[in-house]
Amino acid sequence: MRRVRSGFPRRVAMLSMHTSPLEQPGTGDAGGMNVYVVELSRQLALLGTEVEIFTRATSSRMPPKVALAPGVMVRHVAAGPFEDVGREDLPTWLCAFTAAVLRVEAAHEPGWFDVIHSHYWLSGQVGLAVARRWAVPLVHTAHTLAKVKNSALADGDRPDPPHRIAGEQDVVDGSNRLIASTEDERRHLVDLYGAAPELVDVVAPGVDLEVFRPGDVAAARGRVGVLPDALVLLFVGRIQPLKAPDMLLHATAHLLAREPALRDRLLVAVVGGPSGSGLDRPDALVKLAAELGISDIVRLQPPVPQSELADWYRAANLVVVPSHSESFGLVALEAQACGTPVVAAAVGGLRTAVQHDISGILVAERDPAAYADALAQVIGQPCRRRRLAAGAVARAAEFGWSATARGVLTGYRNAATPVTVPATA
């Protein structure tokens, strides 16, 4: 058994092959995982652990190294063409990425990194090879799992391929420790992938409570260009079938069919950009809005920096998160931190992030009419909305990135002092 020294770990190699933490969340492959890697790394550095984040370079103009924060360095690794490469094609460049990571460590004294933390299955594959070479523990966070996604596919969405499922299984089997965001995700790792329960730590993601906090609603509306008396329904995230922004548009059409008078005040705002299979039909939401006859009240907004995103949350009456599956749902947490109640799908980590009828409403049915019901209940009952808004702030206050980092550090130490896993019969 490896003995864990005081101050372990000094340095962590953070692997995020398919998406850079420097990218703007909300478009392409950038999303909640990017926020997770950035905020976790910053907090680890504040706790005394240096972090080097390895990500694939998508342009020859990218500097090899970028200081993200004190104690946090991002390394752009040359692996494959200097351009965006679809996730389905990235396995071709796993060996090149692995070799580049190994070269960085080889330039240092032996034992430079104490632990590897990989994010998403592609990075996990790299982590398996690198951990063996460096003889250090591998900790893995899946963020999404193919078997879970494939069990809840949106209409027209493509299932994740068998090679991804096989790759995820390799990573689960070969990691020293797995970090799940919720008990739900832990159960999926154990039941669907055969992970040993003793090797899975549950550590909830956090929210930046300095950026995402209640504020002056009128001022926020002025900054994002929303009328003072507008009734704002907000979707934030990547525009793809998995995230189901179309559900909000269909629910809005149902709501207007019942209460036509709302049309004069209603604004449906979508903040994000096409991603994944959504790139196949980048104008799908525009066409759907036209088909539903609501183009005049739908506003599509490209992804924005966090400070402006916080204004969008404050400006909204409700934030809608109708995803088919979510490992956690950072958007729901960010919205609640700003004092905005959430109407969300009762799936995955959203059932942890949102407390039903306390900080928001969880909708079990994948039915626009059910979402319209939930929206109408809150819109039509101002007292209830105020109660949910207060509950939203209280719920978000339970999640902070410093607590996440401390939990992950415990996972690193657990990985370095492995438990004995009972043999299966």
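This is a predicted model: local features need pLDDT of at least 70, side-chain atom pairs count only at pLDDT 80 or more; totals for chains, interfaces and linings use all residues.

Me: How are helix 13 and helix 14 oriented to each other?
Reply: Two packed helices are described by the angle between their axes and the distance between the axes. Here the axes of helix 13 (residues 368-379) and helix 14 (residues 382-396) come within 6 Å and cross at roughly 100 degrees. Angles of 65 to 115 degrees count as roughly perpendicular. So helix 13 and helix 14 are roughly perpendicular.

Me: What is the largest C-alpha distance among the residues UniProt lists for "binding site"?
Reply: The UniProt record, an unreviewed entry, lists Tyr313, Arg314, Ala316 and Thr340. They are spread over 28 residues of sequence, yet they cluster in space. The largest C-alpha distance is 6.9 Å.

Me: Is Arg314 buried or exposed?
Reply: Arg314 sits in helix 10 (residues 306-315). Apart from residues up to four places away in sequence, Arg314 touches Val211, Arg213, Pro214, Gly215, Val217, Ala220, Cys338 and Thr340. The cut-off for buried is under 20% relative accessible area. Arg314 has 11%, so Arg314 is buried.

Me: Which residue has its backbone oxygen 2.7 Å from a polar atom of the Arg314 side chain?
Reply: Look among the contacts of Arg314, which include Val211, Arg213 and Pro214. The backbone oxygen at that 2.7 Å spacing from the Arg314 side chain belongs to Arg213.

Me: And what is the relative accessible area of Ala316?
Reply: Ala316 is in the loop between helix 10 and strand 12 (318-321). Leaving out residues up to four places away in sequence, Ala316 touches Val232, Leu234, Thr340 and Arg385. Ala316 is buried, and its relative accessible area is 2%.

Me: Where do the buried residues of helix 9 lie around its axis?
Reply: The buried residues of helix 9 (residues 284-292) are Ala284, Leu285, Leu288 and Ala289. They cover an arc of only 130 degrees around the axis, so they lie on the same side of helix 9.

Me: Which elements do the buried residues of helix 9 pack against?
Reply: Contact here means heavy atoms within 4.5 Å. The buried residues of helix 9 pack against helix 8 (245-258), strand 10 (266-271) and strand 11 (298-301).

Me: Which residue follows helix 9?
Reply: The residue after helix 9 has a positive phi, near 75 degrees. That residue is Gly293.

Key. Residues are numbered from 1 along each chain as its sequence is written. Side-chain values use heavy atoms; hydrogens and water are left out. UniProt positions are given in the numbering used here, feature names are shortened, and annotations may be inferred rather than shown by experiment. Helices (H or I, at least four residues) and strands (E, at least two) are DSSP runs, numbered from the N terminus. Buried means under 20% relative accessible area, exposed over 50%, partly exposed in between (1.4 Å probe, protein chains only). A polar contact is a pair of N or O atoms within 3.5 Å; within protein, one must be able to donate a hydrogen and the other to accept it, and residues adjacent in sequence count only if both atoms are side-chain atoms. The arc is that of the directions from the helix axis to the C-beta atoms. Axes are lines fitted to C-alpha atoms, for helices over the stretch in contact, and angles run from 0 to 180 degrees between N-to-C directions. Angles under 35 degrees count as roughly parallel, over 145 as roughly antiparallel, 65 to 115 as roughly perpendicular and the rest as oblique.
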